[in-house]
Amino acid sequence: MTHTAHAQRVAIVTGAARGIGAAVAKRLARDGLAVGVVDLNEAECAGTVKAITSNGGTAAAVAADVADETAVTAAVAQIASELGSPTVLVNNAGIGGPDVGVAEMTTQQWDAVTGVSLRGAFFLTRAVSPHMVAAGWGRIINMSSISALGDSGRADYASAKAGLIGFTKTLALQLGRQGVTANAIAPGFIVSDMTRTSARRRGRAFEEHQRLAAQAIPVGRVGQPEDIAHTASFLASPGAGFLSGQVIYVAGGPVD
């Protein structure tokens, strides 16, 4: 890696092979950061990395199951070695299980969903925050959801996303004096694999699913991954230094 790459600020974005994670990774690269693109499969990260490097950016694909402590430690070490010490972390990786009541939910489903979103965010933050403290500067961005306020079909997902909010606020309290901010983004309806799956479960065409969702959104449209990337770009910037411990609902209107 060149000296120039090491002179850049370095970001890690999890779940960055597609969707919101890919959009955030590409946006941060456009903002001038070198980006560690983390997902389960290194080959699946290739599209995001190529989009970044073909535009003159710097990126590295790293495979890791964020729910695996050892894999996370190795991934962060690899990114620090290849790109430089990370000072921006976007904990975006998340999965959703089927819509079921609590009585029907299996322990495996609960553990899988909370493991990726909540345990994964803990493992990444624990591994990356020392780099931030050493630099005296850092940005932690956790991807929550409006589901944190309650979700009729997914207690596992809602609990994980609500847990991320408590985690975010605690990090803001613990790390603020070291120059590190922590904030959460809570997306509403975003065009993604997850909302496509939701449409399928309801037996709807995805276009119809989006149209119905847009009717209930004050701005009159559904969200795109880039809507989240714009917000992440600001939160990762030097200009966001007085914003910490907050949940920003990017949902096209007020959220109760």
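The protein carries 20 positive and 19 negative side chains, and the centres of the two sets lie 6 Å apart. Lys and Arg count as positive and Asp and Glu as negative, while His and the chain ends are not counted. Each charge is placed at NZ of Lys, CZ of Arg, CG of Asp or CD of Glu.

The model is predicted: local features need pLDDT of at least 70 and side-chain atom pairs pLDDT 80 or more, whereas totals for chains, interfaces and linings use all residues. Residues are numbered from 1 along each chain as its sequence is written, and side-chain values use heavy atoms, with hydrogens and water left out.

Nine helices and seven strands make up the secondary structure of the protein; these are DSSP runs (helices H or I, at least four residues; strands E, at least two), numbered from the N terminus. Overall values for the protein follow.

| Property | Value |
|---|---|
| Span of the C-alpha trace along the principal axes | about 55 × 35 × 35 Å |
| Buried residues (under 20% relative accessible area, 1.4 Å probe, protein chains only) | 51% of the 256 residues |

Among contacts (heavy atoms within 4.5 Å) with a separation of 6 or more, residues 24 or more positions apart account for 71%.

Q78 belongs to helix α4 (residues 69-82). With a relative accessible area of 31%, Q78 is partly exposed, a class between buried and exposed (over 50%). Not counting residues up to four places away in sequence, Q78 touches A61 and V62. The C-alpha atoms of Q78 and V116, which are 38 residues apart along the chain, are separated by 20 Å.
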